[in-house]
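Work through the exercises below with the coordinates loaded. Try each task before reading its solution.

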Amino acid sequence: SDARAVEAVHALHAMVVEAWGGPVTIAYGSAAHPRVPVAVAEAPAGRRVVIASYLLAPGFFHDRLHQAGADVVTEPLGPDPRLAEIVLDRYEAAHQLAATS
């Protein structure tokens, strides 16, 4: 529902397409379309379907990804230490900006 989030998803999609080289479909767990179960159901027959979770933590929405019928669902991003580094970098940048304002 946030235009910046949609933009970020499309940027990530472009990076995944470039790295993967195969078909990649964007789908959403809530507030946007297509929904994940629809995208999984529309995948070509016989193709392995992998959901690359863009969620921060396990819970309700991650459980729903597992229920969508894909062959594989990646773990949430939260346990990855690089995520903490991004948060700290952004905090530091905001702090520096506030100090100079």
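Helices (H or I, at least four residues) and strands (E, at least two) are DSSP runs, numbered from the N terminus. The model is predicted: local features need pLDDT of at least 70, side-chain atom pairs count only at pLDDT 80 or more, and totals for chains, interfaces and linings use all residues. Residues are numbered from 1 along each chain as its sequence is written, and side-chain values use heavy atoms, with hydrogens and water left out.

**Exercise 1. Overall layout**

Task: State how many helices and strands the protein has, and find the pattern they follow along the sequence.

Solution. Start with the count: the protein holds 4 helices and 2 strands. Now read along the sequence: the pattern is α-α-β-α-β-α. Next, check the spread. The radius of gyration is 16 Å, well over the 13 Å that the globule rule gives for 101 residues, so the protein is more spread out than a compact globule. Here the radius is taken over C-alpha atoms, and the rule is 2.2 Å times the number of residues to the power 0.38. Along the principal axes, the C-alpha atoms fill a box of roughly 55 × 30 × 25 Å.

**Exercise 2. Surface and contacts**

Task: Work out what percentage of the 101 residues counts as buried.

Solution. Set the classes first: buried means under 20% relative accessible area, exposed over 50%, partly exposed in between (1.4 Å probe, protein chains only). By that test, 16% of the 101 residues are buried. The accessible surface comes to about 7,800 Å², and carbon and sulfur atoms own 60% of that. Areas come from the Shrake-Rupley method with a 1.4 Å probe; for residues, only the protein chains shown count as cover. Then turn to contacts, meaning heavy atoms within 4.5 Å. Take those between residues at least 6 apart in sequence: 22% join residues at least 24 apart.

**Exercise 3. Helix α4**

Task: Is helix α4 largely in the open or buried?

Solution. Helix α4 covers residues 81–100, 20 residues in total. From first C-alpha to last, α4 reaches 29 Å, close to the 28 Å expected at 1.5 Å a residue. The expected span is 1.5 Å times one less than the number of residues. Now count burial: of the 20 residues of α4, the number buried is 0, so the helix lies largely in the open. A84 sits in α4 and is partly exposed, at 41% relative accessible area. Between the C-alpha atoms of A84 and F61, 23 residues apart along the chain, the separation is 21 Å.

**Exercise 4. H62**

Task: Which residues does H62 touch, beyond those up to four places away in sequence?

Solution. Locate H62 in helix α3, residues 60–66. Its relative accessible area is 4%, so H62 is buried. The residues touched are S53, L55, A57, V73, T74, E75 and P76.
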